[in-house]
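Keep the picture open and follow along from part to part.

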Amino acid sequence: MKKSIFAALTVLMFFSCKEHPKSWQLSQMLEIEGVNPIGITHRADGIWLSDGDHHRIVRIDENGEITETIDSLDRPMHIATNGDELLIPQYGNDEVLRWKENVVKIIAISDSLDAPAGVWRDGKETVIADFYHHRILYSEDGVDWKSFGSEGTENGQFNYPTDVQLLGDEIWVADAYNNRVQVFDKSGTFLKKFGEAEKMNASTGIYVSKEQLFVTDFENNRVLIYDHEGVLQQELSENIEKPTDMILVDGKLYVANYKNNRVNIYDWKEDLNPKKSKNKEVNN
Amino acid sequence: MKYTIITLLAFFCMTTTMVAQEGTDQYEIQVDGLGCPFCAYGLEKKFKEFDGIKNVAIEIETGDFTFTLPSEANLSMEAVEAQVVKAGYTPITTKITRADGTIESSETTTMIADNATLTDKNISVAGKCEMCKARIEKAAKGIPGVAEAVWSVEEKTLMVSYDANNVTPQTIEKAVAGVGHDTQNVKALASTYENLPACCKYERLEQ
């Protein structure tokens with residue numbers, strides 16, 4: 001009898017201790033009064049949002065209060081940081097700014113831009129999404145530029161690219177109105193694509209971590225999360241309205257919502273009510 | 001004497017300001033549902049080509065686009081609408097209030113006979129977004145005899161209410177296909193489809 005009870009308790013303990021799979025779970029929503037965020041980035045002094053509707057970028061604190069404003073910009077879009085420098089693509093006047101404590105440099109490109117929508121800079125390496133030219137500009141040293149892409153739907157072509165990111169040897173691009181993400185090497189050679197199976201409608205923003213790809217599906221009010229092989233891992237839609245950008249900071253996922261003036265914050269933790277896994281996308 | 005000069009100067013400045021305000025034309029355009037900030041800012045960017053443009057405001061949800069221009073620009077209704085088209089969008093209505101109070105408007109009214117009996121019908125129409133919705137509804141409402149046209153983004157269905165003595169569903173479908181949207185029986189021309197804004201590129205229907 002004793003043995004039976006002991007065995008039953010052991011089994012019970014085994015199941016109760018079994019780890020649940022982890023996923024991103026909404027933990028907090030910051031109301032950012034008067035801001036329609038488009039881009040989001042992080043610097044040592046906090047989270048920065050671009051507010052294109054109001055021609056400014058703002059820094060917010062942990063409660064969503066605005067603590068600093070850089071204004072008089074011309075439609076700033078997908079901002080980024082490089083150390084203590086803010087990178088600000090200005091869609092309205094075709095300039096990309098490097099902003100560091102009131103010292104402003106303009107990234108000089110002889111081949112002029114038409115509505116830069118996204119930028120990423122790592123050291124001197126810089127990449128820009130040139131919206132109306134349907135192309136990506138890449139520079140290894142921030143001086144000499146090469147571009148790739150043209151308007152179209154084939155691999156390596158774009159339909160209004162809106163966001164970019166460098167990660168290792170790769171350039172990741174939000175190919176917004178082809179409703180997908182494309183990945184290239186630094187010579188501009190197409191490597192793979194994501195998202196077509198999910199029927200996205202305007203994939204306007206991306207963030208790539210070492211393990212995951214986060215994509216905003218703007219018109220469908222959701223964020224899709226893939227692994228680097230294109231397997232859909234999670235779909236976030238609760239309290240998301242017109243999402244535009246994301247970033248990971250200290251293990252938390254921040255999602256900027258253009259429409260509802262909010263930044264949603266997610267924790268990576270055990271999911272006690274895991275949903276069925278999503279479809280798998282085959283790359284290449 | 002000093003006070004008199006200051007008063008006169010102040011009056012002169014006020015008068016100049018008033019003249020400057022009076023010397024502007026107000027433009028109000030409803031564009032076919034700008035879906036996202038990229039579209040809205042793009043439209044604004046294309047209008048920056050006009051010297052002296054000020055007070056630019058865009059409501060993304062409604063597609064209301066307003067701005068002012070100095071009267072001497074004398075921008076015509078056709079030129080404004082051409083610029084909207086150049087930016088890749090479709091003007092629905094345009095209203096210009098000139099500095100002298102004259103109003104020019106492209107708004108039209110629906111022509112339905114008083115004693116008309118209206119018929120309701122749902123038609124499958126392909127599309128994707130609010131911009132599609134505005135374009136589809138404008139095409140249908142532009143037909144004499146159509147009293148109402150509402151397209152559902154979710155259902156991809158156009159609900160029309162029309163005078164069956166003056167218009168047929170086929171006419172409505174042809175008009176909608178004519179602006180680039182496949183219907184259940186009529187396919188849009190490939191060239192028209194290709195000219196749709198990027199965010200409106202829906203999956204083609206098989207007829």
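The report below starts with how to read the model and then visits some of its parts.

## Reading the model

This is a predicted model, in which local features need pLDDT of at least 70 and side-chain atom pairs count only at pLDDT 80 or more, while totals for chains, interfaces and linings use all residues. Residues are numbered from 1 along each chain as its sequence is written, and chains are lettered from A and ligands numbered from 1 in the order in which they are written.

The predictor gives the complex an ipTM of 0.81 and a pTM of 0.79. Two residues are in contact if their C-beta atoms, placed from the backbone, lie within 7 Å. Where pLDDT is low, the predicted coordinates should not be read in detail.

## Where the chains meet

## A four-stranded sheet in chain A

Now turn to chain A, where an open sheet of 4 strands runs in the order E14-E15-E16-E17 with antiparallel pairing. Strands E14 (161-167) and E17 of chain A stand at the edges with a single partner strand each, so one side of each is left without a neighbour in the sheet. From one strand to the next, the twist averages 20 degrees. Angles run from 0 to 180 degrees between N-to-C directions, and the axes are lines fitted to C-alpha atoms, for helices over the stretch in contact.

Let's follow strand E16 (residues 180-185) of chain A: 5 of its 6 residues are buried, so it is largely enclosed by the rest of the structure. A residue is buried if 20 or more other C-beta atoms lie within 10 Å of its own, exposed if 12 or fewer, and partly exposed in between, with C-beta atoms placed from the backbone. Antiparallel to E16(A) runs strand E15 (residues 170-175) of chain A, joined to it by 6 bridges. Among the bridge partners are Trp172(A) with Val183(A), and Glu170(A) with Asp185(A). The hairpin of E15(A) and E16(A) has 4 residues between the strands, and Asn179(A) takes a positive phi near 55 degrees in it. E16(A) is also joined to strand E17 (residues 190-194) of chain A, by 4 bridges and again antiparallel. There, Phe184(A) has Phe190(A) as its bridge partner, and in the hairpin Gly188(A) takes a positive phi near 95 degrees.

## Chain B and its sheet

What is the secondary structure of chain B made of? It comes to 6 helices and 8 strands. Of the 207 residues in chain B, 35% are buried. The chain is divided into domain 1 (2-105) and domain 2 (118-200), with bounds from an automatic or database domain assignment. Domain 1 of chain B puts 11 residues into the contact between them, and domain 2 of chain B puts in 9.

In chain B, 3 strands form an open antiparallel sheet in the order E6-E8-E7. Its edge strands are E6 (118-124) and E7 (146-152) of chain B, each pairing on one side only. E7(B) is joined by 6 bridges to strand E8 (residues 157-163) of chain B, and the two run antiparallel. In this pair, Val150(B) stands opposite Met159(B). Helix H5 (residues 169-178) of chain B packs on the sheet and touches E6, E7 and E8 of chain B, its direction making about 45 degrees with that of E6(B). Helix H4 (residues 130-141) of chain B lies across E7 and E8 of chain B, at about 160 degrees to E7(B).

Technical notes. Pairing = 2+ DSSP bridges.
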